Structures are given as structure tokens and as C-alpha cells.
Amino acid sequence: ADVVSISLGGRGTATLYSAVMYAVNNGAVVVASAGNRGASAPEYPAGYSEVVAVGAVDSNYNVPDWSNRKPDVVAPGVDVLTTIPGGGYAYISGTSLATPHVSGVVAIIQALRLSAGMGKLAPGDVESLLKSTAVDLGSPGYDEASGYGLVDAYNATLRALDAVVVTV
């Protein structure tokens with residue numbers, strides 16, 4: 001796998017951390033939902049520094065009170081049209097709905113690099129790229145509600161193809 005998208009959260013365990021590190025050490029970028037409890041930090045696995053933690057924003061770029069704090073980036077996660085168990089569609093909110101947006105950007109970055117004859121970026125470089133190209137929300141720079149800001153697929157892919165990675 002090149003991208004592991006995890007839309008669940010809980011307590012950190014040695015087994016969970018080992019699984020995350022196995023994926024990262026084998027070149028996979030792990031992206032996980034921060035959680036929906038309004039907590040002061042992401043749940044696990046998003047709480048591990050090797051994981052891209054994703055919070056939610058609404059259509060006005062506001063972070064809802066229930067989105068856990070200290071994410072790396074945020075993405076649309078309020079009233080997202082999605083499939084539901086048993087068939088059909090519904091509008092649902094949660095960081096689990098925001099996470100696939102970021103996972104998709106990671107997949108596009110790696111696929112474009114490969115199709116351009118460039119190697120995949122290392123997981124840490126992808127995380128730095130997402131952070132450095134995010135659209136800043138709230139106060140300038142990193143903030144506890146929206147992290148580095150709203151994931152920006154366009155700028156992230158352009159920077160990835162330029163092979164310029166800025167460590168944040």
C-alpha cells in the first residue's frame with residue numbers, strides 16, 4: 001500500500017503503533033481521522049507523529065466544536081454526502097469524512113510523481129508537503145483548531161512535481 005486511510009480512533013497501544021510503523025517504514029503514508037469528541041488532541045492512530053492527523057471544517061472553513069484539536073491539516077467534514085450501510089446516501093459529519101479527502105491528495109501526489117518518472121516521496125516528506133501547502137485558516141501559522149490549514153490538492157501536487165519539499 002502507498003496510502004493507508006484510517007477513519008477510526010481510540011487509545012494508543014503498542015500493537016497499533018507497531019502497525020503504523022510497519023506501514024511507514026515500508027513507504028506508506030498513513031492518514032487518520034483526529035476524532036469527533038472536541039478533545040484537546042487527536043485520538044490514535046492520528047495522535048502518532050508519523051501519522052497525518054485530519055480534522056474537519058464546514059463549508060465556511062470553520063472548525064466545528066466536535067473536531068478534535070491539534071490536527072496536522074483539515075478537510076471538508078461537515079454535511080458530506082456519502083454512501084451508508086444498507087445502500088443509499090446521506091449527509092454525514094465527522095473527521096472520518098474529512099480523512100479520505102487528504103488520503104486522496106496523497107494518492108494523487110504519489111501517482112503523479114510515478115507517472116512523471118519521479119520516485120514516490122517518503123511518508124515524512126508527504127506530510128511536510130501537505131502542511132507547507134495547506135491554506136492557512138484562523139490565526140497565521142499553525143493553530144490548535146485547524147493545524148496548518150485546509151489541505152490544498154492543487155498546490156501540493158504542483159510542489160510535489162517540482163520535488164521541492166519544505167520541512168515544517
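## Rings, cores and backbone

Me: How many aromatic pairs are there?

Reply: The count comes to 3 aromatic pairs. The rule takes rings of Phe, Tyr and Trp (its six-membered ring) with centres within 6.5 Å, and calls planes under 30 degrees apart stacked, over 60 edge-to-face and the rest tilted. Bear in mind that this is a predicted model: local features need pLDDT of at least 70, side-chain atom pairs count only at pLDDT 80 or more, and totals for chains, interfaces and linings use all residues. Residues are numbered from 1 along each chain as its sequence is written, and side-chain values use heavy atoms, leaving out hydrogens and water.

Me: So why is the pair of Tyr44 and Tyr48 tilted?

Reply: Because their ring planes sit at 55°, with the centres 4.7 Å apart.

Me: Is Tyr48 buried or exposed?

Reply: Buried means under 20% relative accessible area, exposed over 50%, and partly exposed in between (1.4 Å probe, protein chains only). Tyr48 has 11% relative accessibility, so it counts as buried. Tyr44, at 31%, is partly exposed.

Me: What about the peptide bond from Tyr44 to Pro45?

Reply: Most peptide bonds are trans, and most residues other than glycine have a negative phi. The bond from Tyr44 to Pro45 is cis, though, with omega near 20°. Pro45 is in the loop between E2 and E3; here helices (H or I, at least four residues) and strands (E, at least two) are DSSP runs, numbered from the N terminus.

Me: Where is Lys70, and what is its phi?

Reply: Lys70 is in the loop between E3 and E4, and its phi is positive, near 65°. Its relative accessibility is 38%, so it's partly exposed. Asp79 has a positive phi too, about 55°, and is found in the loop between E4 and strand E5 (80-83).

Me: Which residues touch the most other members of the largest nonpolar core?

Reply: Nonpolar side chains tend to be buried together in soluble globular proteins. A nonpolar core is a set of buried Ala, Val, Leu, Ile, Met, Phe, Trp, Tyr and Cys residues joined through side-chain atoms within 4.5 Å. The largest one has 20 residues, and Val31, Val52, Val54, Val102, Ile109 and Leu130 touch the most other members. H2 gives this core its largest share, 5 residues. Ile6, Val20, Val24 and Ala28 are among the 11 residues of a second, separate core.

Me: What is Val54 in contact with?

Reply: Contact means heavy atoms within 4.5 Å. Leaving aside neighbours within four places in sequence, the partners of Val54 include Val31, Pro71, Val73, Thr99 and Val102.
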